[in-house]
Amino acid sequence: MKPVGNIEKLVKRFHFAVSAKMDERIWSDVLEAQEKLVKKKSAKYEQNIWKRISENPVKLIAAVAAIIFVGFFLIHHGPVEQSQSPQIVEEIITPGEMLTPISLRNAYLIGGMEAVDEQSRKAFQMLNRKPVKISIRKLQIEINGM
Amino acid sequence: MRVKIDKRLIAVIFVFLTIPHKLLLAQPPQNAALLYYQAFMVYESPNEEMRKKLYDLVRHQIEPDRQITRYVTKQQSVIDLLTIAADLPNCDWGFDYSTGVAFYVAHLQSFRELSRIVIADAKILAEQNDYKTALKRCLTLHKMSHHIGDDLLITLLVASSSVDLANECIKYILSEMPSDVTTLHWLKAELSRIDSKPFALKNSLGNEYKLVVADMTPDRIDKMISLCLEPVITVLGASPDKLPTKRQVDKKRIEEKQNWEQIVRERVRKADEDFLERNRIHLKKYFIDKFPLTLELPYDQAYTKLIELDQEIKNDSYKDPDATITAVVKPPLAIVLSKTVRTNAFINAVRAAIEIYVINAKTGSLPDELPDSLPGDLFSSQPFKYEKTTEGFILRCRGKDPVKKKIHKYVFKVSK
């Protein structure tokens, strides 16, 4: 099985709902922890960090492993901003599923009829089905190249 | 030469000549949905700016401008198509309930947009003092709403909202138009004909049950559960602060929901035919027996009982695996019931107001008391509270709307 498949299997076992909100929370925690860590370090230590790592083979291996892990994680989960983009949403739920009775009903419960409109509009945007405006002339050009 | 005339040919010619002329003319199809689907395909979808303008116009926040008038004028042939469709008695949208909950109701988006276009046209006509045609547009939307119907809870909610839109516009036109007894009598008769069958939840509930049962098979249950539990915030792809949220959700509730969803997913992952059968029995107990019986009660009792049933199912689902599916798919009946009662109360308020306008048109002044036997407030099952104002009159509900947490009032003006 491909590594991506293995990771998907592993994530499914965690039993938590993947959502934009969850991503945001995880990332904010990670960044906060990182920020605290950075503050504790002295300027001198920061300047010499790569020197210290390169001197110790164990540290070097650990650093390389950490970089690979972070890189792998970013490739498969994307940066924070992307977690809220429609492309990622499309992977979670298809535009068609956004137009099902239950999905629209859930939207109503959250934001009333405006949320139903918004969700339908987004689904159609993603489907890109209905042109805003099209003339007979344009259609003729599209169909016959006239 | 002798011509032999076939008796059968004579019979055919005789029948043809005696058929009423009307029957030989082209007739619209018997199913209104076919015309609606055509309208949905050919109307010009508004761009972002126009969409916003239409929103504001139907909420009476702006007046029709040249740009709106131009856009709506271009949709006249579609409005004509909708008018013909709305007048047809039958409307079958062709839903296939056997496909389960994952079937599409994509037509609702177009229906909502066209509802706003119809009301925008009504407002333009009212501005041109063509009040009767403007009212006809509102009635078209009333009829369309009955067609979009009570097949499902979401269609019922959309229908309810569209009727509210039409009623708001009727209220506006009645406040603007000069006294005209003939038009008022005509409007009263039309409204009582169209709204003779009020919106009801029972039909939707039965169909929602069919959809869920169709999905209660080992190969489909997982998909249905995922769809039902999918958070809307994720669906909309927006952060919560950007979402038009009417209900604030606290952190504790989110955690509680996540824990509960974990239990549900675990049970569904292991679901076998035995588990599904026991869940089907539980589902039937509520959808076919308890919910419909509760809906027979007067509104305030029904609302309280539905909230209790909702909590009862939720609590059961923690300890009883048989209640799992019912807990996931249970519809927000108390909220939908309140919405339909709100809409039906508004219909009653408009009908009661027409009677008051008729008295005003006949006598030249508003009555001091509310006449007897007018349609009443459905939140309290009592007559509306009537109050004369300097500009017209107000009809107030006596019962509180527990969802909106307010007492509704309907303000009508009288044109001088």
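Predicted model: local features only at pLDDT ≥ 70, side-chain atom pairs only at ≥ 80, totals over all residues.
1. Chain A. The secondary structure of chain A consists of 8 helices and 0 strands, and its pattern along the sequence accordingly reads α-α-α-α-α-α-α-α. Chain A has 146 residues, of which 26% count as buried. When contacts with a separation of 6 or more are considered, 45% of those in chain A are between residues 24 or more positions apart.

2. Chain B. In chain B there are 18 helices and 3 strands, and the C-alpha atoms occupy a box of roughly 85 × 80 × 45 Å along the principal axes. Of its 416 residues, 51% count as buried. Among the contacts of chain B that join residues at least 6 apart in sequence, 73% are between residues at least 24 apart.

3. Helix α5 of chain B. This helix covers residues 66-74, and within it B:I68, B:Y71 and B:V72 are buried. Seen down the axis of α5(B), these buried residues fall within an arc of 95 degrees, so they line one face of the helix. The exposed residues B:R66 and B:R70 are on the other side of α5(B). As for what lies over the buried residues, the cover includes three helices of chain B, namely α4 (48-58), α6 (76-87) and α7 (107-127). The N-terminal end of α5(B) is capped by B:D65, which has a side-chain oxygen 3.2 Å from the backbone nitrogen of B:Q67.

4. B:I124, seen from the covering side. Once residues up to four places away in sequence are set aside, B:I124 touches B:P64, B:I68, B:T69 and B:V72. B:I124 and B:V72 are 52 residues apart in sequence, while their C-alpha atoms are 8.9 Å apart in space.

5. B:V328 in helix α17. Helix α17 of chain B runs over residues 324-329 and contains B:V328, which counts as buried at 11% relative accessibility. Not counting residues up to four places away in sequence, B:V328 touches B:I225, B:C228, B:L229, B:W260 and B:V264. A further pair to look at is B:V328 and B:I307, which are 21 residues apart in sequence and 15 Å apart from C-alpha to C-alpha.

6. B:S161, with a partner in chain A. B:S161 belongs to helix α9 (residues 153-176) of chain B and is buried, its relative accessible area being 10%. Leaving aside neighbours within four places in sequence, B:S161 is in contact with B:R112 and B:K339 and also with A:M113, a residue of chain A.

7. The cavity. The structure has 1 cavity of 30 Å³ or more, and the volume of the largest cavity is about 70 Å³. Its lining is made up of B:L174, B:M177, B:P178, B:S179, B:D180, B:L184, B:Y357, B:N360, B:V414 and B:S415. Sorted by class, this lining has 6 nonpolar, 3 polar and 1 charged residues.

8. Another is at B:K405, where phi is about 55 degrees although the residue is not a glycine. B:K405 is found in the loop between β2 (392-396) and β3 (409-413) of chain B, and B:K405 too is exposed, at a relative accessible area of 63%.

Terms used. Residues numbered from 1 in each chain as written. Chains lettered and ligands numbered in written order. Heavy atoms only, no water. Buried < 20%, exposed > 50% of the residue type's maximum accessible area, 1.4 Å probe, protein only. Helix = DSSP H or I, 4+ residues; strand = E, 2+ residues; numbered from the N terminus. Arc of directions from axis to C-beta. Contact = heavy atoms within 4.5 Å. Polar contact = N/O pair within 3.5 Å; in protein donor to acceptor, adjacent residues only side chain to side chain. 1 Å grid on protein atoms, 1.4 Å probe; cavity = no way out; pocket = protein on both sides within 12 Å on 5 of 7 lines; lining within 4 Å. Points joined across faces, edges and corners; volume = space filled by probe spheres on them. Nonpolar A, V, L, I, M, F, W, Y, C, P; charged D, E, K, R; others polar.
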